[in-house]
Amino acid sequence: MSDRRFRITTAFQRHVANPLTRLLPFQTLLETTGRVSGRPRRTPLGGKRVGDSFWLVSEFGTRSQYVRNIQADPRVRVRIGGRWHHGTARLLPDDDPFARLRTLPKGNSAAVKMLGTRLLTIRVDLTD
């Protein structure tokens, strides 16, 4: 079931949800560098800025394309509240993603818990 859920969810996100939500001016976006193409890849997501860090939880862990891009190059940009910030992303497999989701925006956290199969916490250390 988890493979089927992964395929359905990622296809919907890639072809329907992401193209639409990327257009919203205040949608939070994570910009990674494509590990094969070298081109910027922008992914709408939920999370929360806490001080000089931005926290998020990936619902499919290292199966998510943006996580694979982070593994290849952790330098990222995050658009928060319409403003871009540079940072370095860090995968935190030892962090409790369910506890982390309780500290993040409720709507996105509920979707991640409902759809996710391999939750993974990510922290972006912002540099500006």
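The model is predicted, so local features need pLDDT of at least 70 and side-chain atom pairs count only at pLDDT 80 or more, while totals for chains, interfaces and linings use all residues. Residues are numbered from 1 along each chain as its sequence is written, and side-chain values use heavy atoms, with hydrogens and water left out.

Reader: How many salt bridges does the structure hold?
Author: Side chains of opposite charge can pair when their charged atoms come close. A salt bridge is taken as a side-chain nitrogen of Lys or Arg within 4 Å of a carboxyl oxygen of Asp or Glu. By this rule the count is 7.

Reader: Is Glu31, which forms a salt bridge with Arg42, buried or exposed?
Author: The closest N and O atoms of Glu31 and Arg42 are 2.6 Å apart. The pair links distant parts of the chain, with Glu31 in strand β1 (residues 29–33) and Arg42 in strand β2 (residues 40–44), 11 residues apart; strands (E, at least two residues) and helices (H or I, at least four) are DSSP runs numbered from the N terminus. Buried means under 20% relative accessible area, exposed over 50%, and partly exposed in between (1.4 Å probe, protein chains only). Arg42 is partly exposed at 36%, whereas Glu31, at 11%, is buried.

Reader: Which residue is linked with Glu31 and Arg42 in a network of salt bridges?
Author: The network has Glu31 and Arg42 as two of its members. The remaining member also lies over the face of Trp84, at 4.1 Å from the ring centre; a charge sits over a ring if NZ of Lys or CZ of Arg is within 6 Å of the ring centre and within 35 degrees of the ring normal. The residue linked with Glu31 and Arg42 is Arg77.

Reader: Over the ring of which residue does the charged end of Arg100 sit?
Author: Arg100 also meets Asp95 in a salt bridge, with an N to O distance of 2.8 Å. The charged end of Arg100 is 3.7 Å from the centre of the ring concerned, which belongs to Trp55.

Reader: What is the relative accessible area of Asp52, which meets Arg49 in a salt bridge?
Author: The N to O distance between Asp52 and Arg49 is 3.8 Å. Arg49 is partly exposed at 34%. Asp52 is exposed, with a relative accessible area of 55%.

Reader: With which residues is Ser109 in contact, leaving aside neighbours within four places in sequence?
Author: Ser109 lies in helix α4 (residues 106–115). At 2% relative accessibility, Ser109 is buried. The residues in contact with Ser109 are Leu101 and Leu104.

Definitions and conventions
Contact = heavy atoms within 4.5 Å.
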